[in-house]
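Please take a moment with the sequence and the 3D view below. We will then walk through them together, one topic at a time.

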Amino acid sequence: MGRKIDAPSGVRAVARYALALALVTLALSISLAFQNSIGNPFWFFFSAAVILSTWLGGTGPGLLAVIYSTLAVMYCFMPPLHSFAVTPRELPYFVTFVACEIGVTQLISWRRRTEDALRQARDELEVKVAERTIDLKNANEALLKQMDEQRRTEETLQATRAELARATRITTIGELTASIAHEVNQPLAAVVANADACVAWLARETPDLAEARTAAERATQGATRASEVIARIRSLITKATPEKSRVQINRVIEQTAALGERQAANNHVTIRLELSPDLPIVFGDSIQLQQVILNLVVNGIEAMTTVTDRPKMLVLRTEPESKCQIRVSVQDSGIGLTEEVKGRLFEPFFTTRAKGMGMGLSISRSIIEAHGGRLWAESNGSDGATFQFTVPSEDSPGI
Amino acid sequence: MKEQDPIVFVIDDDRMIRDGLQSLIRSVGLRVETFASAQDFLGAKRPDAPACLVLDVRMPGLSGLDLQLKLRDDGIPIPVIFITGHGDIPMSVRAMKEGAHEFLTKPVRGQDLLDAVQKALASDRSLRRERREANEIRARFESLTPREKEVLELVVAGLLNKQIADQLGMSELTVKTHRAHVMEKTQAESLAHLVRMSERLKTATRKSGSTSS
């Protein structure tokens, strides 16, 4: 290639044009030397000179070579010789020569340009590839860091969730304790007030025995009421830790339905069982599960006492919930649940009944949760509610 | 004027507690009336006698604290003794801030309650006496003519007869006559007494806002 790498561009241009002139002069000398032995030799040599000039020097030197060659051919080889004129007979030949020379120059310089562009593109591509590689590496590192961060966030989330569950449990216990404290404290306050009154009546100058007796009797009533509250709470909370064994849930439901049958009949309620025949064995405390189901049955019956416009129907249903969960539902056609009631159903001491303690559902839920299941309530549209719970089967993981 | 026997109002939604407290308070010879709710109490007729309120904080409907605020807003100044099942601090602070006389936790010791009741009644008695006296003074002061009232204002402000005469555009002799009427009508024994009564009336008016007997 005719470019000297460290020469200034002006010098390099001159060198390229000089090379073109030198090559055409060489072609001219060779043509003159061989003009007697080969017919019309200029064709080959001048063509070679033009090709080389264009290839090595570019379009400019190529065109210079074409002009120089044309003049040389006109002067030295085209009749009339030694003049720049061309005879009409030789004109087509001469024009063809010039046209070929120009065509060759254009072709070669186009080729060169394409090659240069290609080379440049390749160089750029290499740079781009390198850049991309770095980008990719950075992105990869960022991704790894993000994954790490996400893992840590998930761990924190897990911990928070566990903490929340614990806090909720404690809050429930706290609420329960506060409510029990109130329930017990109230009759105790009555006992103290009446006992003090009794003493005061006796301490008068002339003791008023009738008043003292009345007060003492009221004190006794208060104490009885306090012990009743405690007895009720104890009967509901005893056996807090389940004694687990293999339980066939359908058997438990049949037994419970039999227990509730009498109350159902008294209230004109029909109990229907829809028990799935192939349920896995449950690992749980059958007495506690029975307590829960009985509670739901009694609640259901009571919810239908005021219903007159539709059949009073209580449906007890069992079905597989998933591979290792069983679902038990108790569906009534009673008064249903308002949103407000639904939100507070499972709060301790919440009740819609005049004589209720409001402990049944709260304790039922803690029993089911102690079994690793879930207890919840749903409205059946216009009439009634469905209470349902899930319990894991014997072979579910974690049991 | 002989005052009526004092009366204690007991408001608690729990009948057994209500009866016990009533019996206890009656045993020391006090009159007691019981109510199952704040609404019942508000609807009842109250005798004009020294009184106090024994009030359960936690009640269905209007709570004890609500009733306290309502009584205050209605200008019914009865001392309140609160009884609460769960003596939580914010609630008692609030009650005391609103002027509760005492805050007792259930179960209340009989003697504590009786002491609180006696103190509250004594306080109500003296407050009532104060209000009554203020009312008497007010009645006397209101019997003055507009001119006499103007003279009174300036006398109490410490002006001399001559200065009063100048300011009101009358003769010194006329001022003297008005002044004598003022002393007579208000039953003031001296100038100092007159000033004291006038001050007392002002503070009483400021304190109660409305004139309740």
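A surface patch is built from residues with over 30% relative accessible area and no salt bridge, where like charges are joined within 9 Å and nonpolar side chains (Val, Leu, Ile, Met, Phe, Trp, Tyr) within 5 Å. A salt bridge, in turn, is a side-chain nitrogen of Lys or Arg within 4 Å of a carboxyl oxygen of Asp or Glu. Accessible areas come from the Shrake-Rupley method with a 1.4 Å probe, and for residues only the protein chains shown count as cover.

Before we use these terms, here is how to read the model. It is a predicted one: local features need pLDDT of at least 70, side-chain atom pairs count only at pLDDT 80 or more, and totals for chains, interfaces and linings use all residues. Residues are numbered from 1 along each chain as its sequence is written, chains are lettered from A and ligands numbered from 1 in the order in which they are written, and side-chain values use heavy atoms, leaving out hydrogens and water.

Let us start on chain A. Here A:Ile67, A:Leu71, A:Tyr75 and A:Phe84 make a nonpolar surface patch of about 380 Å². One of them, A:Leu71, belongs to helix H3 (residues 59–76) of chain A; helices (H or I, at least four residues) and strands (E, at least two) are DSSP runs, numbered from the N terminus. With a relative accessible area of 38%, A:Leu71 is partly exposed. On this scale buried means under 20% relative accessible area, exposed means over 50%, and partly exposed lies in between (1.4 Å probe, protein chains only).

Further along, A:Ala99 is found in helix H4 (residues 91–203) of chain A, and at 46% relative accessibility it counts as partly exposed. A:Ala99 and A:Val66 are 33 residues apart in sequence, while their C-alpha atoms are 9.6 Å apart in space.

The charged end of A:Arg365 sits over the ring of A:Phe346, at 3.7 Å from its centre. A:Arg374 lies over the face of A:Trp376, 4.1 Å from the ring centre.

Now turn to chain B. What is the order of its elements from the N terminus on? They run β-α-β-α-β-α-β-α-β-α-α-α-α-α, with nine helices and five strands in chain B. Of the 213 residues in chain B, 43% are buried. The accessible surface of chain B comes to about 11100 Å², and 52% of it belongs to carbon and sulfur atoms. Contact means heavy atoms within 4.5 Å; among contacts in chain B between residues at least 6 apart in sequence, 64% join residues at least 24 apart.

Rings of Phe, Tyr and Trp (its six-membered ring) pair if their centres lie within 6.5 Å; planes under 30 degrees apart count as stacked, over 60 as edge-to-face and the rest as tilted. By this rule the count comes to four aromatic pairs over all chains. The rings of B:Phe9 and B:Phe35 have centres 6.1 Å apart and planes at 45°, so this pair is tilted. B:Phe9 sits in strand S1 (residues 7–11) of chain B and B:Phe35 in strand S2 (residues 31–35) of chain B, so the pair links distant parts of the chain, 26 residues apart. Both B:Phe9 and B:Phe35 are buried. Another tilted pair is formed by B:Phe82 and B:Phe103, at 5.8 Å centre to centre and 45° between the planes. B:Phe82 lies in strand S4 (residues 80–84) of chain B and B:Phe103 in strand S5 (residues 102–105) of chain B, so this pair ties together parts 21 residues apart in sequence. B:Phe82 and B:Phe103 are buried. B:Phe9, B:Phe35 and B:Phe41 form one aromatic cluster.

Finally, look for charged partners. Over all chains, there are 25 salt bridges. In one of them, B:Arg147 joins B:Glu150, with the closest N and O atoms 2.8 Å apart. Being three residues apart in helix H6 of chain B, B:Arg147 and B:Glu150 are separated by about one helical turn. The buried residues of helix H6 (residues 146–156) of chain B are B:Glu148, B:Val151, B:Leu152, B:Leu154, B:Val155 and B:Val156.

Conventions
A charge sits over a ring if NZ of Lys or CZ of Arg is within 6 Å of the ring centre and within 35 degrees of the ring normal.
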